[in-house]
Amino acid sequence: MLSSQRRSRDEVREFDAPPSLTENLQRVLVDLIELHLQGKQAHWNVVGTNFRDLHLQLDEIVDIARDASDTIAERIRALNAVPDGRSDTVTASTTLPAFPAAEQTTTDTVDFITTAIYTAAHTLRTVHDDVDDADPSSADLLHTIIDALEKAAWMLKSENRKI
């Protein structure tokens, strides 16, 4: 390699993420963790018509939310910040409405979880432009997650759709 092509350590620097970037990714993280937890709560307590199919579909949604939360947490770490997925942090800062306790009908479960998915997607969309301004690579991750969430919401809400 030519010496003119070599770069010293001083010339190559890590990306210096502004605090607003990691704060926005943290907002996304807590909503994805909460979506994962609500999906499991629904999975365990759904009853009624089409139970089995919905029970399995909820696990697919849980997988999407869990994988997405891991992606976001690892991105936060890659930016040299610390993600906070502790239960008290999630409870205090999620934007998702609370999922009701006890058994829920399949119809109500579809409505509750669809709302939760769209709420999480809304958080991603809300922070997207600021994330994109600070770090297009992180914004690319948001695109992928929004696509997966909105597809899951469409498939889920179709269970209750009447024409």
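I began with the record. The unreviewed UniProt entry carries the annotation "domain: Ferritin/DPS" over residues 23-159. The model I have open is a predicted one. I looked up the make-up of that stretch. Over residues 23-159 I find 80% helix and 3% strand.

Next I took helix α2, residues 51-78. I count 28 residues in this helix. From first C-alpha to last, α2 reaches 40 Å, close to the 40 Å expected at 1.5 Å a residue.

Which residues of α2 are buried? I list Leu54, Gln57, Leu58, Ile61, Val62, Ala65, Ala68, Ser69, Ile72, Ala73, Arg75 and Ile76. I noted Gln57, Ser69 and Arg75 among them. I then asked what the buried residues of α2 pack against. The partners are α1 (19-45), β1 (46-47), α4 (106-134) and α5.

I checked the backbone just after α2. Asparagine 80 takes a positive phi there, about 65°.

Last, I turned to α5, which runs over residues 136-157 and holds alanine 139. Is alanine 139 buried or exposed? I call alanine 139 buried because its relative accessible area is 0%, and buried requires under 20%. I set aside neighbours within four places in sequence and looked up the remaining contacts of alanine 139: His128, Val131 and Asp132. I also took a distance to leucine 79. That residue is 60 places from alanine 139 along the chain. Their C-alpha atoms are separated by 13 Å.

Technical notes
Residues numbered from 1 in each chain as written. Predicted model: local features only at pLDDT ≥ 70, side-chain atom pairs only at ≥ 80, totals over all residues. Heavy atoms only, no water. Helix = DSSP H or I, 4+ residues; strand = E, 2+ residues; numbered from the N terminus. Buried < 20%, exposed > 50% of the residue type's maximum accessible area, 1.4 Å probe, protein only. Contact = heavy atoms within 4.5 Å. Expected span 1.5 Å × (residues − 1). UniProt positions renumbered as here; feature names shortened; annotations may be inferred.
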